Amino acid sequence: MYPPPAPARRDFISVTLSPGRSYDGGRGLRRRSCWRKWKQLSRLQRTVVLFLLVVLMLFGLLSYVHVADEWAAVDSRSAAAWQMRPANPPVLPAPQKAAENPEAVAGLSPQKPQRHFRRGPPNLQIRAPEGDPQERRQDQAQKRAEVVGEAGWGAEAQRDGLSWRGAGTKPQQGTEPPGKKAEFPPRPSPKAARIQPNPASQNARQKAVVDAFLHAWAGYRKFAWGHDELKPLTRSFSEWFGLGLTLIDALDTMWILGLKKEFQEARNWVSKRLLFQKDVDVNLFESTIRILGGLLSAFHLSGDVLFLNKAEDFGNRLMPAFRTPSKIPYSDVNIGTGVAHPPRWTSDSTVAEVTSIQLEFRELSRLTGDKKFQEAAEEVTRRVHGLHGKLDGLVPMFINTNSGSFTHLGVFTLGARADSYYEYLLKQWIQGGKKERQLLEDYLEAVDGIRKHLLARSEPRKLTFVGELNHGRFSAKMDHLVCFLPGTLALGAHHGLPAEHMELAQALMDTCYQMYRQMETGLSPEIAHFNLQRTKAVKDVQVKAADRHNLLRPETVESLFYLHRLTGDRKYQDWGWEILRSFNTYTRVPSGGYSSISNVQDPRHPQPRDKMESFFLGETLKYLYLLFSDDPDLLSLDTYVFNTEAHPLPIWAPS
């Protein structure tokens, strides 16, 4: 039999068309599929997705607003800074035109900053200043310029910078304290400080100081330009406030040393790059003495209103620190947000910090006519004057910002945390024309307290030194910081205080010199302990391992300057020359800059610490230069008073 035939094969395509719908390539099916997937998500999952979408939208909106504000701020900053010159300015040869940027100078190639570790706040957030306040400040600057002198110097002056002219006369004392209804500020020092007109008039030792400054400046300029501090060994930089601390601290030093090109270049940076609308905390004391003091001093010496405008802006940003229950300021303030606060570990401020800002705030009020700066600073002085807890004029180290009372009672020192309180009592009295009797009485009482409680003599050389008192127990410990005291005592004697102050100043000056001479490197340790046992086999100055570092501090050369200026004894110049040679031998870095060292007792291995503090340029080298001068009219002590960062401010004439 034959098998049955296979069924017939049919090939066909079945198409189903739904009425009222058209073919769209499956997009409708995909939409329905995505919706079904969304509906399949749990309520929590859908909430998370929606939240992320909202966050992304908000982030995009904020980014747009921030970028728009920055572009608006660029337009508002395009106006040129107002400038002015003082009446009867000094006469020096016109400076050479400075390069627009530091890399343009021959011999200094552009450098990429190396990696570094910051000890200040990380990731500084820079915010552009608002346009309206900037316009208001420019309007105020124009009014000031119309009162003080000629506003603006014309296109040529703005292009080439300051006009340096030289003079050989002392500045007039035409300054007055701010009046109760000051409409416009008084003019700056009518004649800027007597500056030696050319390098030929500098003696050999002054030229050595200029060489040291230029070497330090070359390192800063090449490796740390516009940053706070140079790290000379690693050829990089470190930040504290992110405000060009070394540059501002060195402005008046460059002017005094006659470094015209360097000053003009730094001035250009201040004009174009120094902006204070920055989300960063600054220490009230350190930023006042270095930045505010440096800007005020640069204004007085150069007559350039740019520095006064910057000083006023910065002073306004420091004012929130005084908004405390006790009127004793917080230690830190954010200059961008205006939020002030004490240190994270305590609600106390140090006495030296809150009582060593008065010279600068008082002078800012005198120049701007705004009394708020002076009133806030002097309120601190008044409150400290009436506090309990002093010992014959000596003050404790800490004060509480809430209660306004001293804390940690029973500990008295002239070193860290208390030192400049005593310095500013005398210097405020001098600054104000010797009229504020309470300041003088507090200072005289404190000097008597030092004599009564803190003075002792070492063995075997019978060196007079200032120790510390801890709950009735005397410690033969003396910080290098205390070496400001000989100069302060000598300054007081020059202004009519008892002659015995000068005798004590000379005795303490010998001690501070021995703190250098008895070290193998010729450089002083940070802290010295004095031998009180009668034995000739031991040196007077003893040093502990933790205290044998040297930070390039200025206090000893500062006092040497005062002692030489006021006695004429050349031995003080010789002592300063020894110190400068030791700095050059053990701290100078060949590639540029100077470095603090860790061991002043080991000349073979001083152990450099890779840090050049701003005060080395702002104070140490400035005082050395003035020490080696035999001209008593170069920053006369009858015309200027130096703040605790060596920035000269004018003495007010009696009203």
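In which sense, left-handed or right-handed, does α14 cross α15? The structure considered here is a predicted model, in which local features need pLDDT of at least 70 and side-chain atom pairs count only at pLDDT 80 or more, whereas totals for chains, interfaces and linings use all residues. Residues are numbered from 1 along each chain as its sequence is written, and side-chain values use heavy atoms, with hydrogens and water left out.

The crossing of α14 past α15 is left-handed, a term applied if the near helix is turned anticlockwise from the far one by less than a right angle. Helices (H or I, at least four residues) and strands (E, at least two) are DSSP runs, numbered from the N terminus. Helix α15 covers residues 437-453, and its axis lies 8 Å from that of α14, at an angle of about 145°; axes are lines fitted to C-alpha atoms, for helices over the stretch in contact, and angles run from 0 to 180 degrees between N-to-C directions. In this packing, Y422, L425, L426, Q428 and W429 of α14 meet L439, L440, D442, Y443 and A446 of α15, where contact means heavy atoms within 4.5 Å. The contact comprises eight nonpolar, one polar and one charged residues, with Ala, Val, Leu, Ile, Met, Phe, Trp, Tyr, Cys and Pro counted as nonpolar, Asp, Glu, Lys and Arg as charged, and the others, Gly among them, as polar.

Helix α14 (419-431) is also among the elements that each supply at least two residues to the lining of the largest pocket, as are β5 (281-283) and α20 (614-627). The most is given by α9, with four residues. A pocket is an open set of points on a 1 Å grid over the protein atoms alone, where a 1.4 Å probe fits, with protein on both sides within 12 Å along at least five of seven lines, and lining residues have an atom within 4 Å of a point. The lining consists of 44 residues, of which W240, N283, F285, E286 and E353 lie nearest the centre of the pocket; by class, 17 are nonpolar, nine polar and 18 charged.

Strand β5 belongs to an open sheet of three strands, ordered β5-β6-β7 with antiparallel pairing, in which β5 and β7 (340-341) are the edge strands. Two strands pair if DSSP finds at least two bridges between them, and three bridges join β5 to β6 (residues 332-334).
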